[in-house]
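Here is a briefing on one protein chain. Please keep the sequence and the structure open while reading.

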Amino acid sequence: MSPSREEISVVAETSADLAAREALLDDAMGPKRKTKSSEKLRRGRRPSEGLAFFARDASGGLAGTVRLWDVTLGDGGPALLLGPLAVDPSLKSAGIGSALMRHAIAEAARLGHAAILLVGDESYYGRFGFSAARTGALAMPGPYERHRLLALELVEGALDGAEGTLKASGRKLKAQAPILAREA
């Protein structure tokens, strides 16, 4: 039986759950998830400060995930790129994706961000206010379906005059020090 919306809580992502998050993304999105154009903007970067969330079920298990990433609109101003949004395949249609979306949008607005972009189906993301109406002069790096580049203005006019290819602008991941073999 799927959990009810009341049994799901949306919380800030923690480093303790990163392996479970990767496993959930593999299950929900498959092996090609790392080849998408959106991934080019995320690779080697950290999510935007305070904008990475997990959905947990009543037992504390990971039910879903969403992150937002700092990007630059071509040569213009800053925005966020949402994704990936993923829900445990066994929990689809339980409202978890919607809860994650509402929480992520509210937090982005609370933190003062002006616009969120994503690549996805308008039939799903339209219910949250996303559309392709303001993205015609914007592009993703690499292949993507133009009609799937969607945006939501959190501040009216934030996308006025926005054009060009999105660029990663978020904090870079720290390089890990190489592990040296210990002498016996």
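**Briefing: cores, helices and charged pairs**

Phe130 touches Met101, Ile105, Ile116, Leu118, Glu122, Tyr125, Leu150, Ala151 and Leu152, leaving aside residues up to four places away in sequence. Contact here means heavy atoms within 4.5 Å. This is a predicted model: local features need pLDDT of at least 70, side-chain atom pairs count only at pLDDT 80 or more, and totals for chains, interfaces and linings use all residues. Residues are numbered from 1 along each chain as its sequence is written, and side-chain values use heavy atoms, with hydrogens and water left out.

**Nonpolar cores**

- The largest nonpolar core holds 26 residues. A nonpolar core is a set of buried Ala, Val, Leu, Ile, Met, Phe, Trp, Tyr and Cys residues joined through side-chain atoms within 4.5 Å. Buried means under 20% relative accessible area, exposed over 50%, and partly exposed in between (1.4 Å probe, protein chains only).
- Leu68, Leu82, Ile96, Met101, Ile116, Tyr125 and Phe130 have the most contacts inside this core.
- Two or more residues of this core come from each of β2 (52–56), β3 (62–73), β4 (78–82), α3 (96–110), β6 (115–119) and β8 (149–153). Helices (H or I, at least four residues) and strands (E, at least two) are DSSP runs, numbered from the N terminus.
- α3 gives the largest share of this core, six residues.
- A second, separate core has 15 residues, among them Val71, Ala115, Met140 and Ala162.

**Aromatic pairs**

- There are three aromatic pairs. Rings of Phe, Tyr and Trp (its six-membered ring) pair if their centres lie within 6.5 Å; planes under 30 degrees apart count as stacked, over 60 as edge-to-face and the rest as tilted.
- Tyr125 and Phe130 form an edge-to-face pair, with 6.3 Å centre to centre and 75° between the planes. Both Tyr125 and Phe130 are buried.
- Ring pairs join Tyr124, Tyr125, Phe128 and Phe130 into a cluster.

**Helix α3**

- α3 has 15 residues. From its first C-alpha to its last it reaches 21 Å, close to the 21 Å expected at 1.5 Å a residue. The expected span of a helix is 1.5 Å times one less than its number of residues.
- Buried residues in α3 are Ile96, Gly97, Ser98, Ala99, Leu100, Met101, Ala104, Ile105, Glu107 and Ala108.
- Gly112 follows α3 and has a positive phi, near 90°.

**Helix α1**

- The twelve residues of α1 should span 16 Å at 1.5 Å a residue, and its end C-alpha atoms are 16 Å apart, which agrees.
- Arg21, Leu24 and Leu25 are the buried residues of α1. They cover an arc of only 100° around the axis, so they sit on the same side of α1. The arc is that of the directions from the helix axis to the C-beta atoms.
- Ala19 and Asp27, on the other side of α1, are exposed.
- The buried residues of α1 pack against β2, β3 and β5 (86–87).
- Gly30 follows α1, and its phi is positive, near 80°.

**Salt bridges**

- The count is twelve salt bridges. A salt bridge is a side-chain nitrogen of Lys or Arg within 4 Å of a carboxyl oxygen of Asp or Glu.
- Glu13 pairs with Arg21, with the closest N and O atoms 3.5 Å apart. Both Glu13 and Arg21 are buried.
- Glu13 also forms a salt bridge with Arg67, with the closest N and O atoms 2.7 Å apart. This pair links distant parts of the chain: Glu13 is in the loop between β1 (9–12) and α1 (18–29), and Arg67 is in strand β3, 54 residues apart. Both Glu13 and Arg67 are buried.
- Asp121 and Arg148 meet in a salt bridge at 2.3 Å, N to O. Asp121 lies in the loop between β6 and α4 (122–125) and Arg148 in the loop between β7 (138–139) and β8, so the pair ties together parts 27 residues apart in sequence.
- Salt bridges that share partners join Glu13, Arg21, Glu22 and Arg67 into one network.

**Backbone points to check**

- Most residues other than glycine have a negative phi, and most peptide bonds are trans.
- The peptide bond from Gly83 to Pro84 is cis, with omega near -10°. Pro84 is in the loop between β4 and β5.
- Ser93 is not a glycine, yet its phi is positive, about 70°. Ser93 lies in the loop between β5 and α3 and is exposed, with a relative accessible area of 84%.
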